[in-house]
Amino acid sequence: MSTLSIDRLRHEGQAFTEAISREYYLAHSGLKATAELTPLYEQYAEIMTEESLALVLDAFRAAAPDSEEYPSLRQLLDWQVESQASRELAELDEREIAWESEAMIALPGGGAVPFQRASIDLANSTDRAERLALDQARARLVRAELAPIRLEHFQREREITEELDLADGYNATFDLLAGFSLLELRAECEQFLRDTRPIWDDVYPEFVKRELGIVPAEATRADALALMRARVFDGGFPSATMETRILDQVREMGIVPDADGRVIFDTGNREGKRARAFCSPVRVPEEVYLVLRPHGGQNDWNTFLHELGHALHFAYMRPDLPFEYRWLGDNSITEGYAMLFDHRMQDPRWLARYASLPRADIPRFLRSAGFEELQFLRRYCAKLIYETHLYSGDVAWSALPDLYVQLLNDATTFRYDPADAFVDVDPRYYAARYLRAWQLQALLNETLTERFNDDWWRNPSAGPWIVNELFAHGQRELAHEQAARVSNKSLSFAPLVRSVERLLG
Ligand SMILES: [Zn+2]
């Protein structure tokens with residue numbers, strides 16, 4: 001056993017992270033029944049001890065905030081804190097993953113549906129009575145079996161974090177380690193919800209009545225899933241041409257889509273594969289998996305673009321960046337690139353060139369994209385507000401389900417189920433990462449348009465710029481730092497409000 005040093009933490013941290021990532025890739029892609037995490041935590045126990053945390057904490061406290069090592073040490077400290085919590089929660093996480101892959105929803109009329117399929121079936125179901133019955137059966141199962149596991153997870157995570165005593169409570173600890181203020185972001189979310197209330201109240205009844213044919217006040221979150229599935233345009237997004245057309249676009253802007261073999265596309269159907277697409281970097285930048293379980297249509301194209309943004313980011317990072325700038329850091333950066341890619345589906349010229357949507361349908365498609373965008377933004381703003389209460393402890397655990405329903409219903413008008421209060425939570429404030437990514441991609445799109453025109457996505461000079469100025473940097477910068485460097489602007493919801501107004505026009 002050698003003594004601990006920051007460099008040893010970097011090296012073994014990378015080996016450990018790669019091994020864990022491989023387990024998650026194998027489990028979530030259906031190649032292995034469960035992720036075996038506990039043996040890895042045992043093998044690498046020495047780099048996740050009180051001593052290793054203290055070592056990084058001392059170095060972080062000694063570093064001047066404007067020094068070069070400060071951001072690097074902050075990211076390592078964030079990782080140490082997360083690892084300590086993850087190690088203590090590993091058994092619970094394994095239980096959750098195993099439950100998700102085995103759980104069956106018993107249907108009231110007989111028969112059963114795998115839990116993993118529920119969100120796909122809900123979105124695809126055209127019979128409302130059937131949809132609500134499936135969702136109620138799903139909620140019953142979640143309330144009885146999954147919610148208690150998740151509640152225990154959040155309770156223990158909060159305790160573990162607070163016991164470290166880095167700052168005054170979970171939220172202040174998050175601010176310190178993330179380098180931005182949750183309360184400022186929450187205030188922006190509250191402002192966004194107020195600013196877009198009139199436009200939402202205006203479009204919501206129109207879409208719910210027209211697309212679902214139901215009384216707007218009665219629509220539930222399951223109805224929202226079916227509505228967002230927007231089947232009507234699926235013909236314009238054939239699964240047969242998806243990969244070719246999108247990879248053509250990437251080539252046209254001057255980027256090699258598989259990064260010379262570093263990106264591996266896993267897009268076939270397989271039992272046990274997760275419903276949600278994901279990008280799984282296993283070695284960065286050398287081995288990056290893009291996993292997708294196809295269900296067809298517009299959502300597949302959207303997801304494929306999103307995950308491709310992640311995959312290219314990981315595969316084009318500079319290999320000489322230290323561990324923390326390739327594997328750690330502000331995930332608003334990678335989510336920003338993913339969204340920069342998936343938001344091309346809001347661009348009429350992109351649609352005309354790569355999708356098979358009849359031209360006459362494009363205006364109606366864009367309006368529906370605007371509705372969807374506003375729904376998701378309002379949902380994520382409400383989620384962030386809710387999660388600040390969940391983590392801060394200013395609301396009792398038992399009162400959280402009612403608060404969840406109140407905040408989400410109010411923001412989206414769809415009726416939410418209290419059973420989801422601990423399940424519809426992105427761990428460790430991932431909602432904040434998404435919201436800042438949304439803001440970042442809007443600025444990046446403006447910057448790319450200024451430099452390479454409004455069809456930058458097929459300009460052969462744009463790709464090399466994206467690779468060198470964005471992807472190569474890994475996650476060295478925080479989202480607002482990157483916005484300042486490449487756009488000379490601050491992150492805000494303003495460009496998103498403008499783009500939603502344009503789409504809904
Ligand atoms: Zn993503």
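This is a predicted model: local features need pLDDT of at least 70, side-chain atom pairs count only at pLDDT 80 or more; totals for chains, interfaces and linings use all residues.
**The zinc site**

Start with the zinc ion and select His-306, His-310 and Glu-335. These residues are its protein donors, through NE2 of His-306, NE2 of His-310 and OE of Glu-335, and they lie 2.1 Å from the ion. Along the chain the donors follow the spacing H-x3-H-x24-E.

Now show helix H12, residues 298-315, which holds both His-306 and His-310. The two histidines are four residues apart, about one turn of the helix. In an α-helix there are 3.6 residues a turn, so residues three or four places apart point the same way. Both His-306 and His-310 are buried.

Move on to Asp-320, in the loop between H12 and helix H13 (323-327). Asp-320 counts as exposed because its relative accessible area is 57%, over the 50% cut-off. Next select Pro-285, which is 35 residues from Asp-320 in sequence and 9.9 Å from it in space, C-alpha to C-alpha.

Pro-285 sits in the loop between strand S4 (278-283) and strand S5 (287-291). Look at the peptide bond from Val-284 to Pro-285: it is cis, with omega near 5 degrees. Most peptide bonds are trans, and most residues other than glycine have a negative phi.

**Two residues with positive phi**

Select Ala-259, in the loop between helix H11 (239-252) and strand S3 (263-266). Ala-259 is not a glycine, yet its phi is positive, about 50 degrees. This residue is buried, with a relative accessible area of 0%.

Then go to Arg-428, in the loop between H17 and H18. Its phi is also positive, near 50 degrees, and Arg-428 is a residue other than glycine. With a relative accessible area of 22%, Arg-428 is partly exposed.

**Helix H17**

Select residues 400-412, which form helix H17. At 1.5 Å a residue its 13 residues should span 18 Å, and the end C-alpha atoms are 18 Å apart, so the two values agree. Among the buried residues of H17 are Leu-400, Tyr-404, Leu-408 and Thr-412. Just after H17 comes Thr-413, with a positive phi of about 70 degrees.

**Helix H1**

For another helix, select residues 6-28, helix H1. H1 has 23 residues and reaches 32 Å from its first C-alpha to its last, close to the 33 Å expected at 1.5 Å a residue. Gly-30, which follows H1, has a positive phi near 85 degrees.

**Helix H19**

Select residues 462-470 for helix H19, whose buried residues include Trp-465, Ile-466 and Leu-470. Helix H14 (331-342), H18 and helix H20 (479-487) are among the elements that cover the buried residues of H19.

**The second largest pocket**

End at the second largest pocket, which holds about 540 Å³ of space. To find it, select Arg-344, Gln-346, Asn-445, Ser-499 and Arg-502, which of its 20 lining residues lie nearest its centre. Helices H15 (348-354), H18 (430-452) and H21 (494-504) each supply at least two residues of the lining. Colour the lining by class to see six nonpolar, six polar and eight charged residues.

Notes
Residues are numbered from 1 along each chain as its sequence is written. Side-chain values use heavy atoms; hydrogens and water are left out. Donors are N, O and S atoms within 2.8 Å of the metal (3.2 Å for Na, K and Ca); water is not among the atoms, so sites may look incomplete. Buried means under 20% relative accessible area, exposed over 50%, partly exposed in between (1.4 Å probe, protein chains only). On a 1 Å grid over the protein atoms alone, a cavity is a set of points where a 1.4 Å probe fits but cannot get out, and a pocket is an open set with protein on both sides within 12 Å along at least five of seven lines; lining residues have an atom within 4 Å of a point. Grid points are joined across faces, edges and corners, and a volume is the space filled by probe spheres set on the points. Ala, Val, Leu, Ile, Met, Phe, Trp, Tyr, Cys and Pro count as nonpolar, Asp, Glu, Lys and Arg as charged, and the others, Gly among them, as polar. The expected span of a helix is 1.5 Å times one less than its number of residues. Contact means heavy atoms within 4.5 Å.
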